[in-house]
Amino acid sequence: MRMSPTDLADLSAATLTYLMNGTTPAGNWTGLFRPGERVRLRFVNGAGNTFYDVRIPGLKMTVVQADGVDVEAVSVDEFRFGPGETYDVIVEPKDEAYTIFAQSMDRTGYARGTLAMREGVSAAVPELDPAEWLTMADMMGAMGGGMSAGSMDSMDHGAMAGMNHGAMTGMSQGAMAGMDHSAMAMDHSQHGMAMGGLVTASQIVRHARTEYGPSTDMRVDMPRTNLDDPGIGLRNNGRKVLTLADLSTIGGPMDPRGAEREIELHLTGNMERYAWSVDGLEFGRSTPVHFNYGERLRVILHNDTMMTHPMHLHGMWSELETADGQFQARRHTIPVQPAQRLSFLVTADALGRWAWHCHLLFHMDAGMFREVVVT
Ligand SMILES: [Cu+2]
């Protein structure tokens, strides 16, 4: 947990200018529509390293495709997407102009354009939402969803020496209700509270270097498995925000077979070193993952970090399922949230060597990348 709860993105607007179709917010890219038209907008996150939260104030967006695959229509006010992800939405504009607003996940800036009946008109541009700090659920998974402030009093304050109590005020109080005291038993001999000021807990075990190596500084032993969390900064904003649980690919899975085999991989990192890896191994130290040609397999991704990683498997579809194995959606890029564990089925129908990586390119470049070989 050696990570700041405000560490929401690798790069901010201090470094980046956010663009829509290559145009700055001031440049105001404008798409035209005729009165009465229904308009299909294809949003492609072509950023190198930025998650965007997209909305068009005044318009409902009906999501009809994810990653180019038809889904059951779902009406939302907003969606979050990471590099590589694609959403198609249908809107029915009635006013003269609407702002297409895509704020970065860390709330330091935005890309912006206009949907208008004619050139030269624009609508109000919203303020950036306040940045929310990562919560217990983001950092500790399932157990993080159950802490109460009162329970904090019963903890050994000695173990909390050095903790920045001010940091607690930034945490979600809702997320702290109903903590299981038994689960909170802390191994005081192991946890040093060296990080930026939040409580530690039993299910985050910092493994010895001999076990996980210098590329991994934390592990989540009780991950979240629900798919209906819109993510940090979007949970209680009064808008209907798309989640993975809302996606249902029309026609169901491409292959009716259940999984014949399972592969589990952990998404790992070390925030102090800025290291990103899979199972604690950067690409350069890893060996390929092997799929048997023609097999149907379940891939389990377990995020041991506090960032969301849009995981992109080349060559074959990733068919996302719920925690109890119900088919959800066919994707080529699946965002895995902090402390989340999810799974998808793959039919290994493409012989050869394929890339599989986090689509945040700084993470990919640092080593959160594996080769898949299908033979
Ligand atoms: Cu990543």
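Biologist: Which residue in β7 stands opposite Arg42?

Modeller: Asp88 stands opposite Arg42 there. Keep in mind that this is a predicted model, where local features need pLDDT of at least 70, side-chain atom pairs count only at pLDDT 80 or more, and totals for chains, interfaces and linings use all residues. Residues are numbered from 1 along each chain as its sequence is written.

Biologist: And what's a strand here, and how many bridges join β2 to β7?

Modeller: Strands are DSSP runs of E, at least two residues, and helices are runs of H or I, at least four residues, numbered from the N terminus. β2 and β7 (residues 86-91) run antiparallel and are joined by 6 bridges; two strands pair if DSSP finds at least two bridges between them.

Biologist: What order do the strands take in that sheet?

Modeller: The order is β2-β7-β4-β5, an open sheet of 4 strands with antiparallel pairing. β2 (39-44) and β5 (69-76) each have a single partner strand, so one side of each has no neighbour in the sheet. Neighbouring strands are turned by 25° against each other on average, direction ignored; the axes are lines fitted to C-alpha atoms (for helices over the stretch in contact), with angles from 0 to 180 degrees between N-to-C directions.

Biologist: Switching to β3: which strands does β3 pair with?

Modeller: β3 pairs with β6 (residues 78-81) in the antiparallel sense over 4 bridges, and 4 bridges also join β3 to β8 (residues 97-104), again antiparallel. Arg55 has Glu78 as its bridge partner in β6, while Val54 has Ala102 in β8.

Biologist: Which way do the β3 residues point, and are they buried or exposed?

Modeller: Tyr52 and Val54 point one way, Asp53 and Arg55 the other, and all are buried. Buried means 20 or more other C-beta atoms within 10 Å of a residue's own, exposed means 12 or fewer, and partly exposed is in between, with C-beta atoms placed from the backbone. In a regular strand, side chains alternate between the two faces of the sheet.

Biologist: What about the sheet β3 sits in, how many strands are there?

Modeller: 5 strands, in the order β1-β9-β8-β3-β6, form an open sheet with mixed pairing. β1 (29-32) and β6 stand at the edges with a single partner strand each, so one side of each lacks a neighbour in the sheet.

Biologist: OK, Glu96. Where's that, and what does Glu96 touch?

Modeller: Glu96 is in the loop between β7 and β8. Leaving out residues up to four places away in sequence, Glu96 touches Ala116, Met117 and Val121; contact means the C-beta atoms, placed from the backbone, lie within 7 Å. Glu96 is partly exposed, with 13 other C-beta atoms within 10 Å. The C-alpha atoms of Glu96 and Ser122 are separated by 8.1 Å, though the two are 26 residues apart along the chain.

Biologist: Last one: how confident is the model, and where does pLDDT stay under 50?

Modeller: The chain's mean pLDDT (the predictor's confidence in each residue, from 0 to 100) is 83, and 80% of its residues reach 70 or more. Over residues 146-211, pLDDT stays under 50, and the model has 92 contacts beyond four places in sequence for them.

Key
Two residues are in contact if their C-beta atoms, placed from the backbone, lie within 7 Å.
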